[in-house]
Structure formats: C-alpha cells, structure tokens
Amino acid sequence: MACKATAISNLRPLVICGPSGSGKSSLLVKLMCEYPSKFGFCASHTTRNRREGEINGIHYRFTNVHDMQKAISEGKFIETAEYGGNLYGTSKEEVAKITNRGMMCILDVEVNGVRQIKKSDLNPWYIFIQPPSIEELERRLRSRRTETEESLKERLRIAKNEIEYGLEPGNFDKIIVNDEFDSAYEELKAFVDENILEKETE
C-alpha cells in the first residue's frame, strides 16, 4: 500500500520507530515540550478504539474502517499498516499542514511504515528506539495491563522482527537503546541538535 509523497517542504521530517513499549512516545513528548516551535507531531489515523486519556487529533486521528479504506484507495496516505487487526496510516494532508507552518514534522511509525516511506520522496531522518531487552519489553507491556496473553505474545513476536530490522546497518540514521530514560533522551536531543536543527538553519 505504499504511495509516493509529494515533496512539500525543504524541512526534513523526523521518523521515530520502535516496538510498542520501547518508550518512544515518552521521548517524543519530552522532545516536543523542549522544542515547541520547531516540531509538529503528525497524529496517525487509526481504526482502533480510543484508549482512556487519548485525545482525537493529538494522540491519533480516530476513524472507521470504511473511511480509512476509502482514503487509502484515493492515495491520501504516505504509509499505511495493519496492526492487531486495526489500520494505521500517515496522512499526506497532515504532514503538509505541519510543514506549511514552517515546522519539522515528527512521524511515529512502525517498521512496515518505514519501508514504505523509504520508497517515497519524503526524505526524513530515521531514528530507531530499541528496548534494552525483550524481557524488559515484556515487563513494560505487562505493566500497562492493556494486553491479553494472546495479544502480548503477538506484540513480542512483532517486536522481535522490528528489532531485527532496526539493527540492520543502513536502515536508520540513529539507534538509541532506551534503558534509562534520561540518558536515552539526552542521546536523542544530541542527535537532533547536531544533525537536524543546526543543519536546517544553515
């Protein structure tokens, strides 16, 4: 379901990828709080049910299967994926809204989404957030209390494949092991400062 994305800005987006439970969302929240005028988060469209505390348009753009499939067929997404029986996608229109405001767009996507984006002309930076171990990842997922044993096993299976892809040389510009949050964030911030913010202002 890959599709070409129109080049709409010279501000290169930032793609963050990592298994569910890797802590990438927490790192993104802190990054955007520190640079509120530099980055805009592109909320993915999804057909999954909204979880407690999630806000439409901020965490995700919640939609239904019919509307999502129609938009996909009309080529309105840069990348799409099916995960846990639900559809997800990055809207071209949402990316355009952010970049047209002069901000760098942040995309939180999974591995198949990264593969699709690499076939487009979006030309982002790629960062992979790696959990310290599968055992720690399982502990984090269990602590959420949102998974059944079956869904947990499926998430861990997917996570192993994601980590394998994430560690392949050349797939990502930066790999960050999120063992301790503060140090992982400092590593992310250093990469952003040196490779993104400085270069975009040159």
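This is a predicted model: local features need pLDDT of at least 70, side-chain atom pairs count only at pLDDT 80 or more; totals for chains, interfaces and linings use all residues.
Let's start with the open space. The largest pocket holds about 1000 Å³. Its lining is made of 33 residues, and Lys 24, Ser 25, Arg 51, Tyr 60 and Asp 108 lie nearest the centre. Two or more lining residues come from each of helix 1 (24-34), strand 5 (77-83), strand 6 (86-91), helix 5 (134-144) and helix 6 (149-166). Helix 1 gives the most, with six residues.

Now for the packed side. In soluble globular proteins, nonpolar side chains tend to be buried together. Here the largest nonpolar core has 21 residues, and those touching the most other members are Leu 14, Ile 16, Leu 31, Phe 39, Ile 127, Leu 188 and Val 192. Strand 1 (14-17), helix 1, strand 7 (104-108), strand 8 (125-130) and helix 7 (181-200) each put in at least two residues. Helix 7 has the largest share of this core, at seven residues.

Leu 14 is worth a click in the viewer. Leaving out residues up to four places away in sequence, Leu 14 touches Leu 31, Phe 39, Cys 105, Ile 106, Leu 107, Pro 124, Trp 125, Ile 127, Val 192 and Ile 196.

| Core | Size | Residues, among them |
|---|---|---|
| Largest nonpolar core | 21 residues | Leu 14, Ile 16, Leu 31 |

Technical notes:
Residues are numbered from 1 along each chain as its sequence is written. Side-chain values use heavy atoms; hydrogens and water are left out. On a 1 Å grid over the protein atoms alone, a cavity is a set of points where a 1.4 Å probe fits but cannot get out, and a pocket is an open set with protein on both sides within 12 Å along at least five of seven lines; lining residues have an atom within 4 Å of a point. Grid points are joined across faces, edges and corners, and a volume is the space filled by probe spheres set on the points. Helices (H or I, at least four residues) and strands (E, at least two) are DSSP runs, numbered from the N terminus. A nonpolar core is a set of buried Ala, Val, Leu, Ile, Met, Phe, Trp, Tyr and Cys residues joined through side-chain atoms within 4.5 Å. Buried means under 20% relative accessible area, exposed over 50%, partly exposed in between (1.4 Å probe, protein chains only). Contact means heavy atoms within 4.5 Å.
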